[in-house]
Amino acid sequence: MAGALHLLPVFLLCGYFTLVSARSDGDVPAARAAFSTTGSLSSAGTEAPTSADHDRTAGKPGKSPTIPRHLSEQSFTRSVTKRTKTIQKKRVGGKTTLPKKKKPPEEGGHRKEGGKPEQGLIKHAESSRTTECVHGVSGGLSEMPPSRFSSAETLQDHQAQMGVGSQYESESLRVKDTQLRASSYKRRGLGPHRGRLNIQSGVEDGDIYDGAWCARHRDKQQWLEIDALRPTGFTGVILQGRSSIWSWDVVHSYKVQLSNDSLVWKPCMNGTEEAIFEGNQDPETPVLSLFNSTVARYIRINPQTWYQNGTEGDICLRAEVLGCTLPDPNNLYPWQTEPPGSKDKLDFRHHNYKEMRKLMRSVNQACPDVTRIYSIGKSYKGLKLYVMEISDNPGKHELGEPEFRYVAGMHGNEVLGRELLLNLMQYLCQEYKRGDQRITHLIKETRIHLLPSLNPDGHEMAFKKGSELAGWALGRYTYEGIDLNHNFADLNSVMWTAIELETDRSKLINHYFPIPEMYTSEEAFVASETRAVIRWMQNIPFVLSANLHGGELVVTYPYDMTRDWAPREHTPTPDESFFRWLAAAYASTNQAMSNPNRRPCHNNDFLKYNNIINGADWHNVPGSMNDFSYLHTNCFEVTVELSCDKFPHASELPVEWENNRESLLVYMEQVHRGIKGVVRDKDTDHGIAGAVIEVEDIDHHIRSAAAGDYWRLLNPGEYRVTASADGYTPSSRTCQVMYEHHPTICDFRLTKLRKQRLTQVLKKGEKLRNNMQLRLRQLRNRKQRVAPKASDRRLDND
C-alpha cells in the first residue's frame with residue numbers, strides 16, 4: 001500500500017497527459033504513441049476474462065518489469081519517484097505542481113440494454129463512489145476519483161482540474177502490432193492490429209484491411225490488451241466503433257483491467273463495484289473516459305454491452321489508451337532513452353489562427369529583408385488566407401527566378417502540414433541569418449510562398465476538439481461544407497471531351513485550358529477559398545508546388561481523376577516521368593516513408609510502390625487542385641500525405657519535423673531542374689509574354705511569363721525545344737538537361753513576321769530598308785489586283 005501511494009504522484013510529475021509510448025527492443029521510447037494491433041494474442045490472466053479459443057490463439061505473455069534484487073519494493077518505488085522528480089525539475093526549472101484533491105462526484109448509474117441503471121458505472125462526474133484501479137508496480141492500490149468525457153466535452157478542462165497540461169495524442173504507429181493482443185478475433189482483417197483509433201477500412205468487408213478489432217465470440221469474456229513494455233501511468237481510454245460502409249458495430253460499455261505480468265489482473269473499481277465505462281453510440285465519434293493514474297504495464301479493455309443487431313451484432317472497437325511512461329530506475333543514463341526530438345529551436349506546438357498569425361509576424365520581424373506577409377483572400381467566416389513570402393527581394397518577381405509554393409490545410413483537420421510550414425518559415429529565417437550556404441542559395445535563387453492554412457475555418461473546428469476527439473472528418477470541410485480538394489474546375493473532362501470530338505488534332509490545345517463560364521459565375525458552388533487560390537495562381541507564374549495533406553504516408557501525382565470515372569485507374573499525364581521524379585524526391589528523403597519496416601497506415605500498402613502513386617490509381621478525385629494547376633497554369637503540383645495521423649500530438653511535432661525537413665528542402669530544390677530562359681523580340685530585345693514553349697514528344701506546352709521568362713521542368717536528357725508567339729516566326733533549338741541542381745539556359749530570340757514588322761515600322765515613321773520597300777510594293781499590288789475582282793463579283797450578283 002505504501003509503495004502505491006508513492007507511485008500516484010510519480011505520474012502526476014510527468015507534467016501532462018500523453019499516450020503510452022513504447023518501441024521494440026533497441027528503440028528509444030517516446031512521449032506517446034497510439035495503440036494498434038497485429039495477429040498475436042495475449043495469454044489469459046487468472047482474474048481476467050478468458051475465451052473458449054484462448055488455447056489456440058493466445059501468445060506467450062511478455063516479460064514483466066522486475067525489481068532489482070538489491071532493492072526492496074519500497075526502495076524500488078522511492079527510486080522511481082526520486083528519478084522522476086529529478087527529471088521533472090530539469091524540465092520545468094525545479095518546480096513541480098501536484099493537483100489538489102477534489103471531492104468525489106455524486107453517485108450515478110448506467111442503463112443496461114433493458115433500460116435500468118446498472119450499478120457501479122462511472123457516469124460523467126456524478127458518481128459518489130471512489131473509482132479505483134487496484135494496482136501498482138509493487139502490487140499495492142492506487143485510488144482515483146471517476147471522470148468520463150464524451151467527445152462533446154474538452155479534455156483540457158479535466159487536465160486543468162488535475163493540474164496537468166493539455167496535451168494528448170492519437171493514432172501513432174510507434175507501438176508495434178505485437179504489443180496488442182486479444183482474446184479472439186474473427187479473421188486476420190479484424191485482428192487486434194486493426195484496433196487503432198481512426199483506422200480506416202477498405203472498400204470491401206472481408207479483406208485484410210478491415211476497420212476495427214472484432215472478437216470471434218459474442219460474450220463478456222472478450223478483451224483487447226495493450227502491452228506498454230514498461231511501467232506506465234494509465235489515465236484513460238478513447239473508444240470508437242468499427243469503420244465500415246457495410247456494418248454497424250459499436251461497444252456501448254466496457255470494463256478496464258490492469259496487470260504487471262499479464263497473469264494477475266485487477267479491475268478498475270467504482271467503490272466496491274467494478275467500474276463500467278460508457279462507450280459509443282455511433283461508430284465514428286470518439287468517446288473519452290478518464291481515470292486517475294494507475295501504474296501498470298498491461299491494460300485490457302473488456303466490452304460489456306454492444307449493439308446487438310438481432311443476432312448479428314459483433315463486438316468491434318477501435319481504441320486509444322492514454323498514459324505516461326515512467327522512468328526506468330534500472331537505467332543509469334536516462335537521457336539516452338528520452339524521446340527523440342529535434343535540435344532545431346522551433347515553436348513545436350499546435351497553433352490556432354491567432355497564434356499562427358502571431359508566429360508569422362515574429363518571423364517577418366526577425367528577417368524583414370527576406371520575408372513578406374500578404375493575404376490572397378478570406379475564408380467564408382472572414383479569416384484571412386495569409387502567405388509568407390521568402391525571397392531576397394520580397395514582393396517582386398525577378399527575371400529568371402522561379403516561383404515556388406507550398407499549400408497546407410486544404411482539409412482543416414489535417415494539421416501537420418500547417419505546423420510543418422510554420423516550422424519551415426522559422427527554420428529558413430534562422431538558417432539564413434546564421435549564414436547557411438544551402439539555405440542562402442535557395443532564398444536568393446527562388447521566390448518561395450508558404451500558405452500554411454487554406455481552410456482556417458475547418459482548422460478552428462478541429463483545433464477546439466483536439467487531437468483525439470476531432471475524429472476522422474471534423475474540420476475536413478469548409479464552414480459551408482465544401483471539400484476544397486474536389487472544388488476546382490474539372491478541366492480534365494473538358495480536355496478529354498475535346499479529344500473525342502475533334503478530328504483535326506492540330507486544333508487541340510494541351511495547356512492553359514480556359515475555365516468554363518458556369519464555374520466562374522457567382523451562383524456556382526465554389527468556395528471563397530477556392531476562388532482566392534485560383535486568382536493567386538493566375539497572378540503569379542508558379543513553376544512547382546506541393547499540396548500537404550495527412551492521414552497516409554504517400555506522395556501522389558497527377559492525374560488525380562480517372563478518364564472514364566472509374567473508381568481507380570492509372571491515368572498518366574504527358575509528364576509522367578518527371579512527376580514520378582518529383583514524387584520520389586520527396587518520398588525517398590522522408591524518414592517515415594522510406595522506413596522499410598513500417599506498417600501500412602490504413603488499407604493500402606504503399607511500400608510496394610516505393611511510397612509514390614498516380615493519384616487516379618489510388619482513388620478518383622475530380623476537381624483536384626493538382627490537376628487544375630497542371631491544366632490551367634504552368635505549375636506542376638503533387639500531393640504529399642505526411643502522416644498516418646491527421647492530428648498528431650504536439651509531442652510528436654519535433655519528430656515529424658525531423659522526418660520531413662530534408663524532404664521539404666529537397667523538393668523545393670527541384671524547381672531548378674530542367675530548362676529556363678527568356679523569349680525576346682529580336683529587334684527590340686523586349687521580352688515576349690505568352691510565348692508557347694513546346695518540347696518535342698511531350699504533349700504538354702507551357703507559356704512565358706509577363707517579362708518573357710519561362711521555366712520548363714524536365715528530367716535529365718536532350719530535348720528539341722521550340723518557342724513560338726503570335727506574329728513571330730517560331731524558333732527551335734536543342735537543349736541538354738544535366739543532373740546538376742541548376743537549370744540549363746535556353747534563350748530564344750524570335751523574329752516578327754514580315755507583315756507585322758512592316759506595320760510596326762510604318763507606325764513609328766522609320767525609313768524602310770530596300771527589301772522591305774520591295775515587300776511593301778508587292779503587298780500594295782496584290783491589294784490592287786484583288787479589289788477589281790471583288791467589284792466584278794458584286795456587280796454579277798446584282
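Start by selecting Ser244, which is buried because its relative accessible area of 19% falls under the 20% cut-off. One thing to keep in mind as you click around: this is a predicted model.

Where does Ser244 sit? Look in the loop between strand E8 (224-240) and strand E9 (251-259). Now show the side chain of Ser244 and follow where it goes: it reaches the backbone nitrogen of Ser247, at 3.0 Å.

Next, select Ile245. Ile245 also belongs to the loop between E8 and E9. Is Ile245 buried or exposed? Ile245 is exposed, since its relative accessible area is 60% and the cut-off is over 50%.

Zoom in on the peptide bond that runs from Pro558 to Tyr559: it is cis, with omega near 0°. To place Tyr559, find the loop between strand E20 (554-557) and helix H12 (576-587).

From H12, head on to Asn611. Asn611 lies in the loop between H12 and strand E21 (612-614). With a relative accessible area of 5%, Asn611 is buried. What is there to see in its backbone? Phi of Asn611 is near 65°, a positive value in a residue other than glycine. Most residues other than glycine have a negative phi.

Asp685 is the next pick, and its backbone gives you another positive phi: about 70°, although Asp685 is not a glycine. You'll find Asp685 in the loop between strand E23 (675-681) and E24. How accessible is Asp685? It counts as partly exposed, at 36% relative accessibility.

For the last stop, select Glu694, Glu696, Asp697 and Asp699 and colour the surface by charge. These four residues form a negative surface patch. Asp699 has its place in the loop between strand E24 (692-695) and strand E25 (702-703). At 46% relative accessibility, Asp699 counts as partly exposed, because that value lies between the 20% and 50% cut-offs.

Definitions and conventions
Residues are numbered from 1 along each chain as its sequence is written. This is a predicted model: local features need pLDDT of at least 70, side-chain atom pairs count only at pLDDT 80 or more; totals for chains, interfaces and linings use all residues. Side-chain values use heavy atoms; hydrogens and water are left out. Helices (H or I, at least four residues) and strands (E, at least two) are DSSP runs, numbered from the N terminus. Buried means under 20% relative accessible area, exposed over 50%, partly exposed in between (1.4 Å probe, protein chains only). A polar contact is a pair of N or O atoms within 3.5 Å; within protein, one must be able to donate a hydrogen and the other to accept it, and residues adjacent in sequence count only if both atoms are side-chain atoms. Patches are made of residues with over 30% relative accessible area and no salt bridge: like charges are joined within 9 Å, nonpolar side chains (Val, Leu, Ile, Met, Phe, Trp, Tyr) within 5 Å. Accessible areas come from the Shrake-Rupley method with a 1.4 Å probe; for residues, only the protein chains shown count as cover. A salt bridge is a side-chain nitrogen of Lys or Arg within 4 Å of a carboxyl oxygen of Asp or Glu. Lys and Arg count as positive and Asp and Glu as negative; His and the chain ends are not counted. The place of a charge is taken as NZ of Lys, CZ of Arg, CG of Asp or CD of Glu.
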